[in-house]
Amino acid sequence: MRLSTSPLRELLSKRDFYAGGLMVLFGLGIALKGTTYRAGTLMHMGPGFLPTSLGVLLVLIGIAIAAAGMAPDGEEENQSLLPDHPQWWAWFCILMSPVAFIFFGRYFGMAPATFSCVFVAALGDKTASWLSTVILSIVVTVFGVALFSYFLQVPMPIFTWRGEL
Amino acid sequence: MISTALTDLWYGFGVAFEPHNLVFCFIGVLVGNMVGVLPGMGPLATISILLPLTFGMKPVAAILMLGGVMYGAQYGGAICSILLNLPCHPPHAVTCLDGFPMTKQGRGGIALGLTVFASFVGASWGITEMIFLSPLLVKAALQFGPAEVCTLMLLGLLAGSTLARGSPLKGVAMTILGLFLGSVGTDLETGSERYTFGMTELDDGIELIALALGLFGIAEFMSSVNQVAPINTKYTNVGLRDMRPSKADFKRAFFPMWRGTIVGSLCSLIPGTGPTIASFVAYATEKKVSRHPEKFGTGLIEGVVCPEAATHSSVQGDFIPTMSLGIPGDAVMALLLGALMIQGIVPGPQLISQHADIFWGLVASFWIGNIMLVLLNVPLIGIWVKMLAIPYKYLYPSAMFFVCIGVYAANNDFFQVGEVVVIGLFGYILLRLGFHPAPILLGFVLGPRFEENFRRAMLISRGDLLVFVERPISAVFVALCVILIGSQIYFRLRGSKAPIQPSLQAHGEGRPAVAEMHTPAE
């Protein structure tokens, strides 16, 4: 990175530093939680044995990834954490689409769930217009309900009102 | 020996020709091809999205259909790479090098036509290998104790994570993460719950479908949304008539096709070297033996058929360890193995004898399916070409629906739809940090069996870790693991990456942004 002058700043600008760091965090979490399960002995392993060892291994590899990223000859690839044009809104829409599916599926049935799921996801596209989004959602709903409800017999009511709760 | 194999094969054709199996194989090929053509849908995404459709089926029909989906998607991906220069699946990155220039010259149809043929040749060779090698491998594998199974899995996992795309260290990290995710839920041996955090929904572990769709569905959509350049359909006017190669083209493609097939099948014999490496090696070999290597990259038919034949022959070859040992070589195989496990079939050396109908039916259906692929693609090429033009903004919301309903249909449980959101978010973060999530699936599928065999081996040896090097077969596997790690360190210290990969970068400059995104150049 061009701006880096101090070693610390250089460290923080490397993607592999974060990659390794995340693995260390994962590994620590896994290992610490793993120690609350019985480890047992090598001969009679308890439930905690394998996960704890995996966690420790992951910590070591995380450190190695971060260390390898520090090497000056690191590959000249995109080191930035975010893509050039972060798509926060689109990411949010994509992640919310299953949430909409869960909510509408639980309380209103398959057809509303499908519609909302497609609708929310489609809103993420920059060029999407309301009309095209609605048309797409309707088409997928009709097709999807026909396929999954009638043909594949997924046991989910098409329409319901506050079904299970 | 040969005669028993042929009798079994005959039996397999009987299974595959049963009308409903035939129909499902056809549907699999058709739908797989259709979805695989769509830009941005690689075989992994295609199989995981279509996996839920097979839940209600009998095991044989389900696996036959998924097999069809797999090679249908693979061929569909080749169409997308040749006509649009968009490799949705890493093996096709090489196909683009000469495939897209051919398209620009108006010879895309010929490239497609010969690709169909090359993939058929490659696949047929791989299937033949499968018929004769699998029983041999099973015979050997039945002698394995838990120690051997354990070290063999270790070798498979290591090879799968270090030889695949990207940094080996990151690959290993992903495998470990996958092994861990496989241990979430009720411990089979002691019955205690692990990492469920009091959520009873997690008692049965993380759902394979949720993991696959989160990593290869949602995470991929997040990285592609609003980033996909509008598709350039300028060159995609390919019709039926354009596909017929001239005699000269055919002659030129004939030997490269066979060389690719051989390279692919050799690569499939080494664990962990999936179709990606096979296609790279095949392209490099072809360039070496060619009389005019400088013309590669300008639209040579050799540069298209050779890697495609290699890909298909190595994919079929990868089925050998998957079906006969229960050890998948890459994420696609892991997913298919997971599909078998969902159907209640335990993978391993006993699979071929216990479920002869599945194994031999699958082998026979490969041939039938590949012939269907040829027959389908000739008349339907016009439709596939039209499907290429479907914009991404319609594609991913529809795919999101398939993700949601697919995960839901696995157990009729909304909790798992929630799982897929969390996994998708994590998958995207991992992608951004330069990890390739495919080995997670490998570790996840093998994890529980690895733990079980490790425990058993330790119980038998009374807690002596030396058992892994004292038993000769197991010692060989351990030695191979050590060689693998050693060679990785050696290459690293010498500063050169895996020797085959740089050849792509030299040509890669012309690829559009999307292509880079799907196969981040490492």
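Trainee: Hi! Before I look around, what makes a residue buried here?

Mentor: A residue is buried if 20 or more other C-beta atoms lie within 10 Å of its own. Keep in mind that this is a predicted model.

Trainee: Got it. So where does helix H3 of chain B stand, buried or exposed?

Mentor: Helix H3 covers residues 43-50 of chain B, and 8 of its 8 residues are buried, so it is largely enclosed by the rest of the structure.

Trainee: Which residues are those?

Mentor: They are B:Pro43, B:Leu44, B:Ala45, B:Thr46, B:Ile47, B:Ser48, B:Ile49 and B:Leu50.

Trainee: And which helices do they pack against?

Mentor: The buried residues of H3(B) pack against H2, H4 (59-84), H9, H13 (331-342) and H16 of chain B.

Trainee: You mentioned H2. How do H2 and H15 of chain B cross?

Mentor: H2(B) spans residues 19-37 and H15(B) spans residues 356-387; their axes come within 8 Å and cross at roughly 45°. The two helices are therefore oblique to each other. Their crossing is right-handed.

Trainee: Which residues meet there?

Mentor: From H2(B), the residues are B:Asn21, B:Cys25, B:Phe26, B:Val29, B:Leu30, B:Asn33, B:Met34 and B:Val37. They meet a set in H15(B) that includes B:Gly361, B:Ser365, B:Ile368, B:Trp384 and B:Met387.

Trainee: How many of the residues in that contact are nonpolar, polar or charged?

Mentor: The contact of H2(B) with H15(B) has 12 nonpolar and 5 polar residues, and no charged ones.

Trainee: Let's switch to H8 and H18 of chain B. At what angle do they pack?

Mentor: H8(B), residues 168-183, and H18(B), residues 438-460, pack at an angle of about 50°, and their axes are 6 Å apart. That makes H8(B) oblique to H18(B). The crossing of these two helices is right-handed.

Trainee: Who makes the contact?

Mentor: On the H8(B) side, the residues include B:Gly171, B:Met174, B:Ile176, B:Leu179 and B:Ser183. Among those from H18(B) are B:Pro439, B:Leu442, B:Phe444, B:Phe450 and B:Glu451.

Trainee: New topic: chain A. How many helices and strands does it have?

Mentor: Chain A has 6 helices and 0 strands. From the N terminus on, its elements run α-α-α-α-α-α.

Trainee: What share of chain A is buried?

Mentor: Of the 165 residues in chain A, 38% are buried.

Trainee: What about contacts between residues 24 or more positions apart in chain A?

Mentor: They account for 61% of the chain A contacts with a separation of 6 or more.

Trainee: Which domains does chain A have?

Mentor: The domain assignment gives domain 1 (7-70) and domain 2 (88-151) for chain A. The centres of these two domains, taken over C-alpha atoms, are separated by 38 Å.

Trainee: How many residues of chains A and B are in contact with each other?

Mentor: On the chain B side there are 52 residues, and they are in contact with 60 residues of chain A. The chain B elements that give two or more residues to this side are H8, H9 (208-224), H16 (392-411), H17 (414-432) and H18.

Trainee: Which of them gives the most?

Mentor: H16(B) does, with 10 residues. The side of chain B that touches chain A divides into 31 nonpolar, 12 polar and 9 charged residues.

Trainee: H16 again! What comes in the loop between H16 and H17 of chain B?

Mentor: B:Asn412 is found in that loop. B:Asn412 has a positive phi of about 55° although it is not a glycine. With 10 other C-beta atoms within 10 Å, B:Asn412 is exposed.

Trainee: What about the phi of B:Tyr195?

Mentor: B:Tyr195 also has a positive phi of about 55°, and it is not a glycine. B:Tyr195 lies in the loop between strand E2 (193-194) and H9 of chain B. It counts as partly exposed, with 19 C-beta neighbours inside 10 Å.

Terms used
Residues are numbered from 1 along each chain as its sequence is written. Chains are lettered from A and ligands numbered from 1 in the order in which they are written. This is a predicted model: local features need pLDDT of at least 70, side-chain atom pairs count only at pLDDT 80 or more; totals for chains, interfaces and linings use all residues. Axes are lines fitted to C-alpha atoms, for helices over the stretch in contact, and angles run from 0 to 180 degrees between N-to-C directions. Helices (H or I, at least four residues) and strands (E, at least two) are DSSP runs, numbered from the N terminus. Angles under 35 degrees count as roughly parallel, over 145 as roughly antiparallel, 65 to 115 as roughly perpendicular and the rest as oblique. A crossing is left-handed if the near helix is turned anticlockwise from the far one by less than a right angle, and right-handed if clockwise. Two residues are in contact if their C-beta atoms, placed from the backbone, lie within 7 Å. Domain bounds come from an automatic or database domain assignment. Ala, Val, Leu, Ile, Met, Phe, Trp, Tyr, Cys and Pro count as nonpolar, Asp, Glu, Lys and Arg as charged, and the others, Gly among them, as polar. A residue is buried if 20 or more other C-beta atoms lie within 10 Å of its own, exposed if 12 or fewer, and partly exposed in between; C-beta atoms are placed from the backbone.
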